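I set out to look through this entry chain by chain. My notes follow in the order in which I looked things up.

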Amino acid sequence: MKGPDLLVILLFSCVLPPQGWAAEQPAPDTEAEQPEPEVLTVATWGGAYEDSQRRAYFEPFTRATGIAIETVPYDGGIRPLKRHLAGGEVTWDVIDMIESDADVACAQELLEPIEPDILLPTPDGTSAQEDFMKGAIQPCFITHLVFSTVIAYNDEAFPGEKPDSVEDFFDLETFPGKRALRLSPTGLFEWALLSLSVPPEQVYDLLSTPRGMELASERLDSIRDSIIWWQNGEEPALLLASGQATMATGYNGRFFHARVMNDVPISVIWDGQLIGFNSWAIPRGTAQTEQAQAFIAFATRTDRMAAHANLISYGPTRDSARKRIGLHTDNRVAMQPHMPTAPGHMDHALMRDHRWYSKTVDLRERWFKAWLSEKDATP
Amino acid sequence: MNHHDVQQMTYRIAMVTLVAIAVGIAGSLAAIGFVEAVHWLNDLLLISPYARVQAGNQPGLVALATLVVPTLGGLLVGLVTRYLIRERRGLAPPDAILAAQTPGPTPGFRSGLASTLAALLSLGSGASVGQYGPLVYLGAMFGNLVGRLRLNLRHQRSIAIACGVAAAISTAFNAPIAGLVFAHEVILRHYSLRAFAPVTVAAATGYIIANVIFDRPALFLVEFSRVEHSYEFLLFALEGVLCAGLAWVFLRLLRLSSRVSRRYIAPVWARPAVAGLLVGLVALWIPEILGIGQETLRFATIENAFGISELTLIVVAKLVLTSLCLGFGFVGGVFSPALLIGILFGALYGTVLPHLVPVAYSGPVVYAICGMMALASSVIGAPLTTILIVFELTRNYDLTIAAMVAVVFANVVSYRAIGRSLFDLELRARGFDLTLGRDKAILESRPIRDYLSTRYTTAQGMESVETVRQRLAREQRAEAMVVDNRGILLGVIRLQAIINSAPDTPILRLALRDFTRFDEKTSVWQSMELLRGFLGEAVPLVSGEGQLLGVVPEEAVIRAYLEIVHELREEENEGA
């Protein structure tokens with residue numbers, strides 16, 4: 001009967017300030033049975049993002065429950081999760097996945113079900129169902145964050161005219177220099193079509209046809225020799241900072257961190273930003289599903305989500321948390337204007353179609369492999 | 001102005017506005033519902049590329065759906081048309097035009113719903129037909145419904161129908177001015193303020209509703225700065241002329257296809273299924289021809305999305321299959337296919353052009369848009385509407401002027417070659433000829449029977465000349481109708497012919513056997529034609545069996561003409 005105890009603790013911790021609570025709390029039953037202190041393993045994305053999670057979620061959770069959090073690096077996709085589950089012993093307890101990946105993983109039964117009742121109401125009593133963004137609460141994942149993959153550039157690389165559109169990303173003549181792109185079949189083709197002035201609403205319809213993919217390939221061919229591939233979310237900002245790349249695609253929060261916290265001259269182009277969502281999920285077969293659920297319940301509390309948004313510019317999926325976004329916890333920068341959903345940023349934004357994404361995994365990978373190998377074929 | 005007049009006027013304005021808003025809302029919501037349902041079916045039935053790519057790991061399933069869905073869809077359409085639509089054909093804009101122009105009976109609401117269902121099944125299962133025709137009829141259907149209410153408004157039915165049509169077009173294209181003009185240009189055929197005001201309200205209502213709840217990308221969206229060289233306008237004009245030729249080919253193919261279907265497939269309900277199977281077979285090879293093809297339409301505005309041979313192939317395939325689907329009885333319009341064929345043809349023209357005429361030009365996009373509008377306007381006979389669609393969707397003045405030139409040249413040629421539009425051709429085949437304007441068509445549609453008089457003199461064939469002479473003198477007439485005892489008209493006697501005849505001659509021997517007569521179907525227009533050279537007092541009107549039903553005095557024909565023409569002029573010049 002571990003679950004109810006933990007939930008009771010969480011309900012309390014919702015009312016009482018989390019700090020100082022650890023000392024007073026009674027030792028949970030589990031601790032009496034298990035001599036070692038409990039550790040929960042979270043697979044997440046590293047870098048500035050993980051730091052913000054540590055401060056907003058992991059440390060307060062440990063203080064509130066005594067359960068320590070350890071992280072393992074995860075860069076997205078289904079394959080790493082599959083590999084881990086195939087390994088036998090499941091040590092990942094919680095995983096922070098892109099929504100479309102979570103959707104596929106759920107369909108392939110790689111995830112534990114999550115009870116929707118664990119989600120706590122807002123401080124003023126509004127139920128989680130009403131407070132969360134539509135579709136955020138799913139049978140085996142809870143979508144907690146809005147992020148955006150954007151194009152950014154090193155401001156010093158272009159002292160004259162500044163790039164301001166997706167089209168400029170493909171314009172090597174006016175804006176010379178290397179382009180950093182993620183080595184993954186995500187986002188590339190959307191930008192290729194957006195740069196051909198396809199309206200965002202129709203991008204996925206066109207990409208569904210062989211002709212659309214062909215057009216995207218041709219568009220990417222035009223910058224093929226100037227691409228630097230990145231794999232980890234921290235890299236794009238570093239590539240821009242070092243001057244290796246003049247323009248890069250990457251997660252808006254990382255660019256924000258580099259610009260605001262580390263004073264790197266990075267500017268974001270919101271035109272054609274690709275809006276995506278991150279979801280908490282529990283890998284199937286972990287021994288600590290109760291604790292994992294307790295963590296998710298804790299990390300999706302209004303105050304925790306707001307605290308996270310005040311550390312990095314990713315939008316929370318709870319309305320109540322969105323209303324609590326203010327200044328950055330450390331340097332007092334107003335956070336709202338850096339959110340992907342800020343007014344003006346959404347004018348030409350593309351919502352990542354997570355249904356399309358989850359159903360086209362094979363197709364996209366095949367296409368990407370073929371496109372990469374074309375390069376080797378050309379002398 | 002007395003108190004009563006003010007009251008009347010207030011009532012009229014308030015009621016007309018209410019009618020416009022109510023019909024506008026109904027037409028607009030119906031249009032949205034219809035378009036959404038088509039998309040939903042296309043996704044469900046693996047017709048849309050979006051759904052097909054998501055089933056990409058089961059290529060067998062996609063191929064099977066490509067063959068089976070249009071075939072079964074065709075079968076259902078055939079059955080619905082056969083058993084649920086009283087007219088046994090899809091209802092379309094010509095029916096809306098007829099209902100607005102003439103006071104006669106219109107297809108019932110049930111037939112209208114069944115026809116909409118047939119259109120939904122046709123479009124949902126990927127047949128190569130258009131969605132705007134059914135939308136126009138849907139709007140007209142609601143207008144017609146409101147037209148029947150006893151609101152005591154003049155020209156209530158035609159105005160309400162125009163309101164429904166304007167709202168549907170305004171919503172579907174998100175172009176209220178085009179909707180407004182379409183209702184006048186195609187449906188009403190006049191621009192009186194009395195109709196203009198409510199139709200504007202309905203179009204605006206449609207636009208507002210579309211903006212609040214309809215979230216579909218615009219039909220096309222292009223980036224175009226300006227026409228670079230003035231000589232390009234010559235090229236636009238030439239393109240218009242070529243599009244008129246293409247429209248001619250399209251109409252020929254349509255006629256050929258319905259002739260072929262009639263000759264080779266006896267059961268009417270089976271025809272759409274055959275067309276569906278053919279569509280499926282071709283779609284295995286050229287998937288672009290399935291359905292409305294909005295992806296293809298978008299690609300046509302992107303440079304280098306197609307090669308020249310691909311464009312030619314799709315233009316030809318789409319022309320043939322659209323004709324096939326419509327000729328074989330799928331229910332749907334011609335406008336969307338014409339837009340698609342036109343834009344692909346325009347893209348082809350714009351791509352080939354630099355090879356033929358080696359001068360600088362503004363790129364293929366503007367030529368694609370010109371081709372789209374030139375062909376579509378020739379087919380539906382709505383040059384103003386199509387020009388306005390370009391303007392409202394792009395808000396680009398240069399593009400609109402370019403399209404205008406192409407549209408006008410296309411219409412000038414196609415008007416001569418094929419007539420004003422496909423709709424008018426269909427109406428002419430049904431006996432309502434608008435080629436010489438509304439006056440003639442309406443005079444053609446009104447039977448002279450309505451002006452029948454039963455005051456005439458009759459005579460039996462065996463009666464003597466003297467008896468008849470006396471009777472005519474008594475009744476102060478110069479003519480008598482000679483009938484047998486069953487009332488069948490045998491001949492006509494004129495006083496001048498019997499004035500000197502022997503008194504006991506049987507009257508039948510002297511009767512005129514070759515005389516002008518009308519029947520129950522004779523229209524006002526025909527009666528005027530028949531009256532040429534007529535010297536008598538009144539023309540007898542007989543039933544199909546030859547029975548005398550009454551006479552139409554010469555004066556009544558003139559009265560009929562004056563009344564109808566006066567009514568039309570009044571309708572066209574009414575204030576609000």
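Confidence. I began with chain A of this predicted model. I found a mean pLDDT of 87 for chain A, with 89% of its residues at 70 or more.

Contact between the chains. I next listed the contacts and found 15 residues of chain B against 18 residues of chain A. On the side of chain B that touches chain A, α2 (49–54) and α12 (294–299) of chain B each supply at least two residues. The largest share, 5 residues, comes from α2(B). By class, I recorded 8 nonpolar, 3 polar and 4 charged residues on this side of chain B.

Domains. I read the division of chain B as domain 1 (3–213), domain 2 (232–435) and domain 3 (446–564). Taken over C-alpha atoms, the centres of domain 2 and domain 3 of chain B are 54 Å apart.

Sheet. I traced an open sheet of 3 strands in chain B, ordered β1-β2-β3, with mixed pairing. β1 (458–460) and β3 (489–494) of chain B each have a single partner strand, so one side of each has no neighbour in the sheet. From one strand to the next, the twist averages 30°. I then followed β1(B) along strand β2 (residues 479–483) of chain B and found parallel pairing over 3 bridges. In this sheet, Gln460(B) stands opposite Val483(B) of β2(B).

Terms used
Residues numbered from 1 in each chain as written. Chains lettered and ligands numbered in written order. Predicted model: local features only at pLDDT ≥ 70, side-chain atom pairs only at ≥ 80, totals over all residues. Pairing = 2+ DSSP bridges. Helix = DSSP H or I, 4+ residues; strand = E, 2+ residues; numbered from the N terminus. Axes fitted to C-alpha atoms, helices over the stretch in contact; angles between N-to-C directions. pLDDT = per-residue confidence, 0-100. Domains from an automatic or database assignment. Contact = placed C-beta atoms within 7 Å. Nonpolar A, V, L, I, M, F, W, Y, C, P; charged D, E, K, R; others polar.
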